[in-house]
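Please keep the sequence and the coordinates at hand while reading.

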Amino acid sequence: MTIPDWVEPVVRYMAEVGLKGTLRIAAASLVGSAVIGILLGTVLTINFRPTRALIRLYIEVWRGLPILVTIFIIFFALPSLSSRLEFDPFTAASIGLILWGSAQVAEATRGAVESIPREQHEAAAALGFGWVGQHAFVILPQALRRLLPPLVSLLVNIIQNTTIAQVIGAAEILETGERSVERLTAPPPIGPGEVHAFEIYAGVMAVFFMMSFPLTRLAAYLERRLT
Amino acid sequence: MLVAAFDWTFVSENADALVTGLGRTLWVSTIAILGALVIGVVLGAARAHRIPIVSQLAAIYVEVIRNTPILVQIFFILFGLPQLGIRLDAFTVAWLAIMVWGGAFNVENFRAGFEAVPLQYREAGYALGFGRLATFANITLPIGGRIALAPSINTYISVIKNTSLLYVISYEELTTTALNINALTLQTVETFTVLAVTYLAIVWTLSGLIRMLESHLALPEGGR
């Protein structure tokens, strides 16, 4: 069985443009979600009503909205408020995923920080650490162990949700797949006039499966080792 | 300033369209949730009881759906399947895609719930002369189903949120309707406020329900 001629350029385009785009959104979203989420989740453990109420609202809003709606708000609604709030599809999608992802991380961080025994806080205080030092050098390094499985699960969800960027036209894997389908379907001289939607979308599913499956296994393994 | 600029006539002028869109969102969600419930209980039971072949097929179904993006699944059903001669209308694609996704997550919810039922309970059922099916219906399902209830409602919340993705197949549910209204009226702030508030109202109501159920339905022995 030989590989048909149409395959090679499609695979190259989807790998060079699409996969790169997907990884770009995923990397920015993971880092942003982790940093903001850990920060908010740690502050959430302080028993001060106003900050707790604000962070809770942040978590419930961005966890509650469908990610597509959040991305639409950023991409379509923010520019109507101010021209400085105009973002390209990649940035808009990343911001949307960070809002959603940081809400997930904040909730997980709160649980992880609260699971560290009170004595650890007291011991750190006895060593002369202030609140920031206690958390940065003593509490969070220990909480991170507990945070690892949810962070790996978050990465899986982020990778899968990067496809939502397709809706606003970011050239990630699904978008490059769709463009390839359309180019191949176009009649000559533009394209060969062949329909390969089944193979291409099945291929897109396979690529995501190969990225996600090892990570879901890893998350399950880390979860088991922890308990 | 924002509140002052909010044009309240927007709501009354577009109420009909928005209510129709919301109705479609809730209708597709209802079908998908009922389907996912059946899939979850049946395949979850097959997984928990390790019924040969069915259990393995269910495992493959769960892993494929959970490890691929739902948006790609929708594209695959809508654009990929017609190549094999399977042509479905937008409404069928809508509930089918959402149900298949929710079903896969629900299989895991119910498998975990059924597996949390101690083996001794089942043995007690057999000792009372119940067959396997009667034991499942009278012992494993009520106890395991209760354990699986809260996580499954979480899945249903995701199911409802996922219906927004039907925008890509131009099925006129809530999000598609709102985007269409926005394109016509250019009342962007009003459109997205109404859209966001509607979704949050649905999602927050359901997550409030979970918190209520969790305290009311907690098993006296903590699921043991």
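Which residues does Leu217(B) touch, not counting residues up to four places away in sequence? The contacts are with Arg146(B) and Leu149(B), and they should be read with the caution due to a predicted model. Leu217(B) lies in helix 10 of chain B, and the C-alpha atoms of Leu217(B) and Leu149(B), which are 68 residues apart along the chain, are separated by 9.0 Å. Despite these contacts, Leu217(B) counts as exposed, because 11 other C-beta atoms lie within 10 Å and a residue is classed as exposed at 12 or fewer.

**Chain B as a whole**

The secondary structure of chain B consists of ten helices and zero strands. Along the principal axes, the C-alpha atoms of chain B fill a box of roughly 70 × 50 × 25 Å, and of the 224 residues in the chain, 41% are buried. When contacts in chain B between residues at least 6 apart in sequence are considered, 78% of them join residues at least 24 apart.

**Helix 9 of chain B and its surroundings**

Helix 9 of chain B covers residues 174-185, and its twelve residues reach 16 Å from the first C-alpha to the last, close to the 16 Å expected at 1.5 Å a residue. The buried residues in helix 9 of chain B are Leu174(B), Thr175(B), Thr176(B), Thr177(B), Ala178(B), Ile181(B) and Asn182(B). Their cover includes elements of both chains, namely helix 3 of chain A together with helix 3 (15-48) and helix 10 of chain B. Just after helix 9 of chain B, Leu186(B) takes a positive phi of about 60°.

Helix 9 of chain B packs against helix 10 of chain B at an angle of about 170°, with the axes 9 Å apart, which makes helix 9 of chain B roughly antiparallel to helix 10 of chain B. From helix 9 of chain B, Leu174(B), Thr175(B), Ala178(B), Ile181(B) and Asn182(B) take part, and they meet Thr188(B), Thr191(B), Val194(B), Leu195(B) and Thr198(B) in helix 10 of chain B. By class, this contact of helix 9 with helix 10 of chain B has five nonpolar, five polar and no charged residues.

| Helix pair | Angle | Axis distance |
|---|---|---|
| Helix 9 and helix 10 of chain B | about 170° | 9 Å apart |
| Helix 4 (residues 54-66) and helix 6 (residues 90-115) of chain B | about 120° | 9 Å apart |
| Helix 3 (residues 67-81) of chain A and helix 10 (residues 188-217) of chain B | roughly 155° | within 9 Å |

Helix 4 of chain B and helix 6 of chain B pack at about 120° and are therefore oblique to each other; their crossing is left-handed. The contact is formed by Ala58(B), Tyr61(B), Val62(B), Ile65(B) and Arg66(B) of helix 4 of chain B with Val100(B), Trp101(B), Ala104(B), Phe105(B), Val107(B) and Glu108(B) of helix 6 of chain B. The residues of this contact of helix 4 with helix 6 of chain B divide into nine nonpolar, no polar and two charged.

**Where the chains meet**

Helix 10 of chain B also takes part in packing between the chains, since its axis and that of helix 3 of chain A cross at roughly 155°, and the two helices are therefore roughly antiparallel to each other. Helix 3 of chain A passes helix 10 of chain B in a left-handed crossing. On the side of helix 3 of chain A, the contact is made by Val69(A), Phe72(A), Ile73(A), Phe76(A), Ala77(A) and Ser80(A), and on the side of helix 10 of chain B by Thr188(B), Val189(B), Phe192(B), Leu195(B), Ala196(B) and Tyr199(B). This contact of helix 3 of chain A with helix 10 of chain B has ten nonpolar, two polar and no charged residues.

The contact between the chains takes 32 residues from chain A and 31 residues from chain B. On chain A, at least two residues each come from helix 2 (49-64), helix 3, helix 6 (131-161), helix 7 (173-185) and helix 8 (197-226), and the largest share, eleven residues, is supplied by helix 8 of chain A. The side of chain A that touches chain B has, by class, 23 nonpolar, eight polar and one charged residues.

Key. Residues are numbered from 1 along each chain as its sequence is written. Chains are lettered from A and ligands numbered from 1 in the order in which they are written. This is a predicted model: local features need pLDDT of at least 70, side-chain atom pairs count only at pLDDT 80 or more; totals for chains, interfaces and linings use all residues. Axes are lines fitted to C-alpha atoms, for helices over the stretch in contact, and angles run from 0 to 180 degrees between N-to-C directions. Helices (H or I, at least four residues) and strands (E, at least two) are DSSP runs, numbered from the N terminus. Angles under 35 degrees count as roughly parallel, over 145 as roughly antiparallel, 65 to 115 as roughly perpendicular and the rest as oblique. A crossing is left-handed if the near helix is turned anticlockwise from the far one by less than a right angle, and right-handed if clockwise. Two residues are in contact if their C-beta atoms, placed from the backbone, lie within 7 Å. Ala, Val, Leu, Ile, Met, Phe, Trp, Tyr, Cys and Pro count as nonpolar, Asp, Glu, Lys and Arg as charged, and the others, Gly among them, as polar. The expected span of a helix is 1.5 Å times one less than its number of residues. A residue is buried if 20 or more other C-beta atoms lie within 10 Å of its own, exposed if 12 or fewer, and partly exposed in between; C-beta atoms are placed from the backbone.
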